[in-house]
Amino acid sequence: MLGASVAMRRLYPLCERLAMSNVPLIVEGETGTGKEVLAESLHDQGPRAREPFTVFDCTAVPPNLVEAALFGHERGAFTGATELRQGVFEQAHGGTLLIDEIGDLELELQAKLLRAIERSEVRRIGGKQWIRVDVRIIAATRRNLDEEVAAGRFRDDLFYRLAVARLELPPLRNRTGDIQLLAGHFWNRLAGTKMPIGDDFLAQLEGYSWPGNVRELQNTVARRVVLGDLIGGEALAPPSSRNLRPVPPIDGGASTQRSTRPSDPGDVIADVIACGLPLPRARERVLEAFERRYVKHLVDKHRGNVARAAAASGVALRYFQVLRARTKRREEGT
């Protein structure tokens, strides 16, 4: 786990203790915050490190096969069961079992899972004997399990059995300073240290809210490493993140000449519509005007103090400076 932010540093002492423990643990957090990475880190730093680390994702298995995947099945137990197969509990024997997205598990299976955890034994589908298993359980979820219990969608007895310890991973937007650290780590791992990551790219990363969290950041950096500037802003982020994209310059020509007369945002939109531009080009044109006026307004309001203007805008200073430089270049026609 990487992170120097206050939000992450608060977790490290607790993580050290949990790594050396065998108690069940619930890891909570938004999609992409690194719940599986944390679970594996706890396993690797604990007394079970030499034993298996097994992951079972409740959302990745068809509902009719979840029980067989958890507890295994005997040969001939059902149609298609042509051989004996161990479930994830047996596969993780002696080690750690991560049950990912446990909030999506059906109620009927929650009861069977509770029994397996409480008694430390499982019985394969079609089997007659109970099999002892020694497994440390870590459950991960993007859901609020307190709300799920209150709504009757998650068994309270299973919840209390698992919630001996709970740990919530913060979203990336609340990890001040970690975006640059993580981006540099992913960049060096993918591109090496000879090719620098680039300050402009880092500034754009810092100015984005990252709804997909660390996973989205990693994918964005990977896309940049592979594609570079070959396809412009599309290399920076997936479709869900395209507000990271720098606005490309508008082509010249009579139909796309910028108006120099003062106008309000309504005039700009009317002018763009009158030009008959394609939707992507029209959207970029309006965004250009908005960025230019927004930056100028804040800088003027704070009497030229760029740091205060950036703070008022709610984005990182470096990204605000990139926006300001970009709007200046547009005004100068460069």
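# Exercises on a predicted model

Cys-58 is buried, with a relative accessible area of 8%. Keep in mind that this is a predicted model. Grab the structure viewer and let's go.

## Exercise 1: The cysteines

**Task.** Decide whether Cys-15 is buried or exposed, and find out how many disulfides a search of the whole structure gives.

**Solution.** 
- Step 1. Cys-15 has a relative accessibility of 12%. The cut-off for buried is under 20%, so Cys-15 counts as buried.
- Step 2. Cys-58, at 8%, is buried as well.
- Step 3. Now look for disulfides: searching the whole structure turns up zero.

## Exercise 2: The chain as a whole

**Task.** Work out how many helices and strands the chain has, and what share of its residues count as buried.

**Solution.** 
- Step 1. Go through the secondary structure: there are 15 helices and nine strands.
- Step 2. Turn to burial. The chain has 334 residues, and 42% of them count as buried.
- Step 3. Finish with the contacts. Take those with a separation of 6 or more: 68% of them come from residues 24 or more positions apart.

## Exercise 3: A leucine in a strand

**Task.** Find the strand that holds Leu-25, then say which residues Leu-25 touches beyond four places away in sequence.

**Solution.** 
- Step 1. Leu-25 sits in strand β1, residues 25-28.
- Step 2. Its relative accessibility is 0%, so Leu-25 counts as buried.
- Step 3. List what Leu-25 touches: Leu-18, Leu-42, Arg-136, Ile-137, Ile-138, Ala-139, Leu-162, Ala-165, Arg-166 and Leu-167.
- Step 4. Pick Leu-162 from that list. Along the chain, Leu-25 and Leu-162 are 137 residues apart, yet 5.9 Å separates their C-alpha atoms.

## Exercise 4: A buried arginine

**Task.** Say where Arg-48 lies, and which residue has a backbone oxygen 3.1 Å from a polar atom of the Arg-48 side chain.

**Solution.** 
- Step 1. Arg-48 is in the loop between α3 (35-44) and β2 (53-57).
- Step 2. With a relative accessible area of 12%, Arg-48 is buried.
- Step 3. The backbone oxygen belongs to Gly-94.
- Step 4. Gly-94 is also among the contacts of Arg-48, and the others outside four places in sequence are Asn-22, His-43, Gly-95, Thr-96, Asp-134, Val-135 and Arg-136.

## Exercise 5: Salt bridges

**Task.** State how many salt bridges the structure holds, and explain why the pair Arg-173 and Glu-30 ties together separate parts of the sequence.

**Solution.** 
- Step 1. Start with the idea: side chains of opposite charge can pair when their charged atoms come close.
- Step 2. The total is 18 salt bridges.
- Step 3. In one of them, the side chains of Arg-173 and Glu-30 meet at 2.5 Å, N to O. Arg-173 is in the loop between β9 (165-168) and α9 (178-191), while Glu-30 is in the loop between β1 and α3, so the pair joins parts that are 143 residues apart in sequence.
- Step 4. Both partners are partly exposed: Arg-173 at 45% and Glu-30 at 29%.
- Step 5. Next, Glu-67 and Lys-112 meet at 2.9 Å, N to O.
- Step 6. Arg-124 is in the loop between β6 (121-122) and β7 (131-132), and Glu-90 is in helix α5 (residues 88-91), 34 residues apart. Arg-124 and Glu-90 are both buried.
- Step 7. Lastly, salt bridges link Glu-101, Asp-104, Arg-142 and Arg-143 in a network.

## Exercise 6: Positive phi

**Task.** Find the phi of Ser-120 and of Arg-303, and say where each residue sits.

**Solution.** 
- Step 1. Recall the background: most residues other than glycine have a negative phi.
- Step 2. Ser-120, not a glycine, has a positive phi of about 55°. Ser-120 is in the loop between α6 and β6 and, at 26% relative accessibility, counts as partly exposed.
- Step 3. Arg-303 has a positive phi too, near 55°. Its place is the loop between α13 and α14 (306-313).
- Step 4. The cut-off for exposed is over 50%, so Arg-303, at 83%, counts as exposed.

How values were computed. Residues are numbered from 1 along each chain as its sequence is written. This is a predicted model: local features need pLDDT of at least 70, side-chain atom pairs count only at pLDDT 80 or more; totals for chains, interfaces and linings use all residues. Side-chain values use heavy atoms; hydrogens and water are left out. A disulfide is a pair of cysteine sulfur atoms within 2.5 Å. Buried means under 20% relative accessible area, exposed over 50%, partly exposed in between (1.4 Å probe, protein chains only). Helices (H or I, at least four residues) and strands (E, at least two) are DSSP runs, numbered from the N terminus. A polar contact is a pair of N or O atoms within 3.5 Å; within protein, one must be able to donate a hydrogen and the other to accept it, and residues adjacent in sequence count only if both atoms are side-chain atoms. Contact means heavy atoms within 4.5 Å. A salt bridge is a side-chain nitrogen of Lys or Arg within 4 Å of a carboxyl oxygen of Asp or Glu.
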